[in-house]
Amino acid sequence: MPGSPDPVLGSDALTLGVACFFAALAAAAPYWFPAPRPRPATFAVGGGAVYAASCLAVWAVARLATVGLPSAASEQPATLGVVLALNAVVIALQVAIPYYVYARWRFVAPLAGAFAATVAVLVLFLNVNGETDPVGLYPFVFGPPLVVATCILALAEFGVRRFLLAG
């Protein structure tokens, strides 16, 4: 049945473990760069692009492994391209914002948001056998609240640093 959870990797535990591993890598990426680091905007855009491409590649590999190549009769290539582009933007923002605020002000709380968002996107993409439902819904339903939550974490850390630690 379409949309039914069916882990591509064979088990929910393995899927969650793989998602957590890659989420840890994504959240720790800012620590890999020695000083001097790239400019914050460059770091955010580059990191977001690599991250979005990686997440969408996970979906594509899961799709190829389970469904095979999409047929022209079953999917509109232009529509799928627009949906994948929207996904790329929303998914890139999930780490571009934390990477920017880390590079600019050394905020670390948004990196926890990046970890959670990465786990969410990878579990979703690996749990439904590469169907198009997850990528169709992600930029509209799942992704925006995760991006907002990451921004709230950045604002909360700003508030703590500004008002609680400065005084």
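**View 1. Packing of α2 against α3.** Helix α2 passes α3 in a right-handed crossing (the near helix is turned clockwise from the far one by less than a right angle). The contact of α2 with α3 comprises 20 nonpolar, four polar and one charged residues; Asp, Glu, Lys and Arg count as charged, Ala, Val, Leu, Ile, Met, Phe, Trp, Tyr, Cys and Pro as nonpolar, and the others, Gly among them, as polar. The structure is a predicted model, in which local features need pLDDT of at least 70 and side-chain atom pairs count only at pLDDT 80 or more, whereas totals for chains, interfaces and linings use all residues. Residues are numbered from 1 along each chain as its sequence is written, and side-chain values use heavy atoms, with hydrogens and water left out. The axes of α2 (residues 40-66) and α3 (residues 77-105) are 7 Å apart, at an angle of about 140°.

**View 2. Course of helix α3.** The 29 residues of α3 reach 41 Å from the first C-alpha to the last, close to the 42 Å expected at 1.5 Å a residue (1.5 Å times one less than the number of residues). At Leu 93, α3 bends by about 35°, the angle between axes fitted to the seven residues ending there and the seven starting there.

**View 3. Bend and buried residues of helix α5.** Helix α5 (residues 132-164) bends by about 75° at Tyr 138, and Pro 139 follows within four residues. Among the buried residues of α5 are Pro 134, Tyr 138, Pro 139, Gly 143 and Glu 157 (buried: under 20% relative accessible area, with a 1.4 Å probe and protein chains only).

Terms used:
Axes are lines fitted to C-alpha atoms, for helices over the stretch in contact, and angles run from 0 to 180 degrees between N-to-C directions. Helices (H or I, at least four residues) and strands (E, at least two) are DSSP runs, numbered from the N terminus. Buried means under 20% relative accessible area, exposed over 50%, partly exposed in between (1.4 Å probe, protein chains only).
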